[in-house]
Amino acid sequence: MTHSFPFSILSLRPGRIFLSSCSVAFIAGWFFSTALIWTQYETSDAEAGLSLRDVRWHFSGNPFQNRFETMVEGEMLEYLTIEEDANLLRQWSIQPNLPDFSEPNHKQFYQDNIHPIIELDCLECHEPGGKAEESPLRSYDEVLPYLERDRGIPIPSLLKLSHIHLFGMSLLLLVTGALAFSFLSPRKAGILSSLTGLGLLLDVGGWWSTKFFPETAFLVLVGGSLFGGSFLLTHLSLLHRYWRSPSSPHDH
Ligand code: HEC
């Protein structure tokens, strides 16, 4: 029996192996990104697990801390050679807000104790040419702005993140949708693909709305789950479809 494209691919074993390996790679990618998202957001608040508050604080900032403190206790903690230094950095960063702490002392303490730590553990990225060159930490004056209330991810970082994410994910969406409409029933493909697309838009839109309206953080969780869930389901359905009925497009 002969079949027209794209079902002709399924009538050959190597064709099925090729399509399956694509879906398996997508599913593996899904697991790695989920793990990555978990570890990155999880540190936004001090409690274990990914919560709405982690998402809120990641984008709009922890209202009870300064930016330096948040980063030193969270995402930047792993870069400290001596983990206990986090406490020293933190103590120093909240000093300007304490009464009876005159600025010269604060600056002197920076020169003697803080700068050597930053130089050793942080400047590799936080100076021109480094990964975080947009937030240099070479001197007292450069560090000072980060001692103000944490306002979450800076707009330039969010722009970069959105741009990379939207272009990358829309290609993923397009490929996944094309496969779904080729091999699954039109109804199933339609539902799964539109949920995936909707989830992506809701997710990235939610980042921006959470940045300015922290109470909308649920959009990120709903969008992310919708995108991730329907993406995973599409590839699992495709795998099932590839191997279920040898070479016959019954349900099409
Ligand atoms: C391996 C590279 C790297 C090292 C080492 C590193 N950082 Fe960072 N840091 C980054 C990146 C990248 C960002 C930007 C994150 C973002 O865009 O949200 C960042 C962001 C920050 C911010 C927030 C900047 C902002 O504009 O809001 C602070 C504060 C900070 N780091 C402090 C530190 C401190 C203190 C150390 C040393 C203990 C350190 N970092 C070590 C890469 C690094």
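## Overall fold

Buried residues make up 25% of the 252 residues in the protein, as judged from a model that is predicted. The secondary structure comes to 10 helices and 0 strands, and reading along the sequence gives the pattern α-α-α-α-α-α-α-α-α-α. The radius of gyration is 24 Å, well over the 18 Å that the globule rule gives for 252 residues, so the protein is more spread out than a compact globule.

Along its principal axes, the C-alpha trace of the protein spans about 85 × 35 × 30 Å. Among the contacts between residues at least 6 apart in sequence, 62% join residues at least 24 apart.

## Two domains

The protein is divided into domain 1, which takes in residues 7-55 together with 154-244, and domain 2, which covers residues 65-147. Between the C-alpha centres of domain 1 and domain 2 there is a distance of 36 Å.

## Surroundings of the ligand

The ligand is surrounded by 20 residues, of which the closest are Met71, Cys122, Cys125, Ala132 and Ser157. Two or more residues of this shell come from each of helix H4 (67-73) and helix H6 (103-121), and H4 gives the most, with 4 residues.

## Helix H8 and its cover

Helix H8 runs over residues 155-183 and has 29 residues. From its first C-alpha to its last, H8 reaches 41 Å, which is close to the 42 Å expected at 1.5 Å a residue.

The buried residues of H8 are Thr176, Leu179, Ala180 and Phe183. An α-helix has 3.6 residues a turn, so residues three or four places apart point the same way. What covers the buried residues of H8 includes helix H9 (186-212) and helix H10 (218-244).

## The enclosed helix H3

In helix H3 (residues 52-60), 7 of the 9 residues are buried, so this helix is largely enclosed by the rest of the structure. The buried residues are Asp54, Val55, Arg56, Trp57, His58, Phe59 and Ser60, and they pack against H2, H9 and H10. After H3 comes glycine 61, whose phi is positive, near 95 degrees.

Isoleucine 17 has its place in helix H2 (residues 13-42). With 11 C-beta neighbours inside 10 Å, isoleucine 17 counts as exposed, because the cut-off for that class is 12 or fewer.

Proline 6 lies in the segment before helix H1 (7-10) and is partly exposed, with 15 other C-beta atoms within 10 Å. Proline 6 and serine 182 are 176 residues apart in sequence, yet 6.8 Å apart in space, C-alpha to C-alpha. Leaving aside residues up to four places away in sequence, proline 6 touches Ser182 and Phe183; Phe183 is also one of the buried residues of H8.

Notes
Residues numbered from 1 in each chain as written. Predicted model: local features only at pLDDT ≥ 70, side-chain atom pairs only at ≥ 80, totals over all residues. Near = placed C-beta within 6 Å. Domains from an automatic or database assignment. Expected span 1.5 Å × (residues − 1). Buried ≥ 20, exposed ≤ 12 C-beta atoms within 10 Å, placed from the backbone. Contact = placed C-beta atoms within 7 Å. Rg over C-alpha atoms; globule rule 2.2 N^0.38 Å.
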